[in-house]
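Below is a short briefing on one model, arranged by topic. Please look at the structure first and then read the points against it.

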Amino acid sequence: MEIIVAKHMGFCGGVKRAVEMAQGAAQQADGPVFTWGPLIHNPQVVQRLQAEGVQLTEQLNGLEGEAFVVSAYGVEHAVLEHARAKGMRVVDATCPVVIRAHQLAYKLADEGYQLIVVGDHGHPEMVTLKEVLGDKVTIVHTLEEARRVKVRGKVGVMSQTTQSLENFRQIVAHLAVRAKELKVLNTLCPAITVRQEEAERLVEEVDALVVVGGHGSSNTTRLTELGRTHAVTTYHIEVPDELDPAWFAGVEKVGVMSGASTPDWIITQVLHRLQEIGDAQAVNAAVS
Ligand code: SF4
């Protein structure tokens with residue numbers, strides 16, 4: 001079995017920065033360091049961070065200590081204010097790409113556009129946007145949801161940074177024929193779109209695709225959906241133990257991709273396991 005590894009693997013810049021900031025905060029601290037929920041959507045990394053002194057809570061009464069690390073996707077205002085009120089040092093690891101997207105959203109709303117954002121309901125990036133803009137923003141996850149939006153005057157549309165490029169395209173195309181005026185801002189993160197574009201090329205070459213990343217990771221799930229949309233048998237795994245040798249019976253070429261919050265050490269373990277299963281001599285060079 002031939003193993004083709006995608007070129008863009010492992011942490012994106014924003015996740016790498018957030019993890020390093022949390023580790024730095026734990027090293028410097030004399031007291032507890034907290035995040036609100038998982039710092040990133042990868043349970044194995046979160047476990048390692050806990051071992052290094054970065055605790056997580058989702059209860060305000062549990063949020064007390066020396067430092068509070070804001071995740072790459074930001075945090076709700078009430079949580080931040082609580083941490084400050086408790087005298088915690090705030091380490092803001094919000095990704096600059098997310099900050100920029102939110103600023104663009106505020107500007108569109110200020111300019112009087114009916115703001116529609118393609119995103120996951122409940123994703124921290126959308127929750128914090130809704131918190132600031134309230135009724136001035138409508139979050140839609142699917143084309144069906146976009147169809148149900150009552151379109152008024154001029155519409156501004158943008159996307160959660162980790163959304164599917166294809167989903168965004170479809171919703172923009174739909175709104176373009178409904179709105180009198182449509183302003184489209186591409187706020188998809190380049191680190192995500194480059195992986196999705198690479199996935200589109202990779203699925204043309206392989207019989208099966210393995211996507212490595214947290215089961216709760218939005219961008220990893222998008223890569224999995226993309227493989228399945230192209231009718232390539234696609235497996236979403238977090239750790240190498242999930243790989244079942246039976247999946248690869250008769251498979252000549254398998255592609256391997258990862259989400260943006262998947263650490264290199266898990267990718268290495270997955271590749272070793274695939275080499276064992278497929279009796280592969282070597283992992284191929286990256287696809288162009
Ligand atoms: S995927 Fe993009 S927006 Fe999200 S943390 Fe990484 S660099 Fe930032």
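In which loop is Val251 found? Val251 is found in the loop between strand 11 and strand 12 (253-258). The model is predicted: local features need pLDDT of at least 70, side-chain atom pairs count only at pLDDT 80 or more, and totals for chains, interfaces and linings use all residues. Residues are numbered from 1 along each chain, as its sequence is written. Helices (H or I, at least four residues) and strands (E, at least two) are DSSP runs, numbered from the N terminus.

**Ligand shell**

- The ligand is surrounded by 14 residues, and the closest are Cys12, Gly14, Cys95, Val97 and Cys189. A residue is near a molecule or strand if its C-beta atom, placed from the backbone, lies within 6 Å of it.
- Helix 1 (13-28), helix 4 (96-110) and helix 8 (190-202) are the elements that give two or more residues to this shell.
- Helix 1 provides the largest share of the shell, 3 residues.
- The shell divides by class into 10 nonpolar, 4 polar and no charged residues. Ala, Val, Leu, Ile, Met, Phe, Trp, Tyr, Cys and Pro count as nonpolar, Asp, Glu, Lys and Arg as charged, and the others, Gly among them, as polar.

**Helix 8 with helix 9**

- Two packed helices are described by the angle between their axes and the distance between the axes.
- For helix 8 and helix 9 (residues 218-229), the angle is about 20° and the axes are 10 Å apart. Axes are lines fitted to C-alpha atoms, for helices over the stretch in contact, and angles run from 0 to 180 degrees between N-to-C directions.
- Helix 8 and helix 9 are therefore roughly parallel to each other. Angles under 35 degrees count as roughly parallel, over 145 as roughly antiparallel, 65 to 115 as roughly perpendicular and the rest as oblique.
- Their crossing is right-handed. A crossing is left-handed if the near helix is turned anticlockwise from the far one by less than a right angle, and right-handed if clockwise.
- On the helix 8 side are Ile192, Arg195, Gln196, Ala199 and Glu200, which meet Asn219, Arg222, Leu223, Leu226 and Gly227 in helix 9. Two residues are in contact if their C-beta atoms, placed from the backbone, lie within 7 Å.
- The residues of this contact of helix 8 with helix 9 comprise 4 nonpolar, 3 polar and 3 charged.

**Helix 4 with helix 5**

- The axes of helix 4 and helix 5 (residues 124-133) cross at roughly 30° and come within 11 Å.
- Helix 4 and helix 5 are therefore roughly parallel to each other.
- The crossing of helix 4 and helix 5 is right-handed.
- Helix 4 contributes Val98, His102, Ala105, Tyr106 and Ala109 to the contact, and helix 5 contributes Glu125, Leu129, Val132 and Leu133.
- This contact of helix 4 with helix 5 has 7 nonpolar, 1 polar and 1 charged residues.

- Val251 is partly exposed, with 15 other C-beta atoms within 10 Å. A residue is buried if 20 or more other C-beta atoms lie within 10 Å of its own, exposed if 12 or fewer, and partly exposed in between, with C-beta atoms placed from the backbone.
- Not counting residues up to four places away in sequence, Val251 touches Met1, Asp207 and Ala208.
- Val251 and Lys86 are 165 residues apart along the chain, and their C-alpha atoms are separated by 56 Å.
- Lys86 lies in the loop between helix 3 (77-85) and strand 5 (89-92).
- Lys86 is partly exposed, with 14 other C-beta atoms within 10 Å.
- Leu63 and Glu64 are touched by Lys86, not counting residues up to four places away in sequence.

**Other residues**

- Val33 is found in strand 2 (residues 33-36) and counts as buried, with 26 C-beta neighbours inside 10 Å.
- The C-alpha atoms of Val33 and Glu66 are separated by 5.8 Å, although the two residues are 33 apart along the chain.
- Ala231 lies in the loop between helix 9 and strand 11 (233-237), and its phi is near 60°, a positive value in a residue other than glycine.
- Ala231 is exposed, with 8 other C-beta atoms within 10 Å.
- Arg147 is found in helix 6 (residues 143-148) and counts as partly exposed, with 13 C-beta neighbours inside 10 Å.
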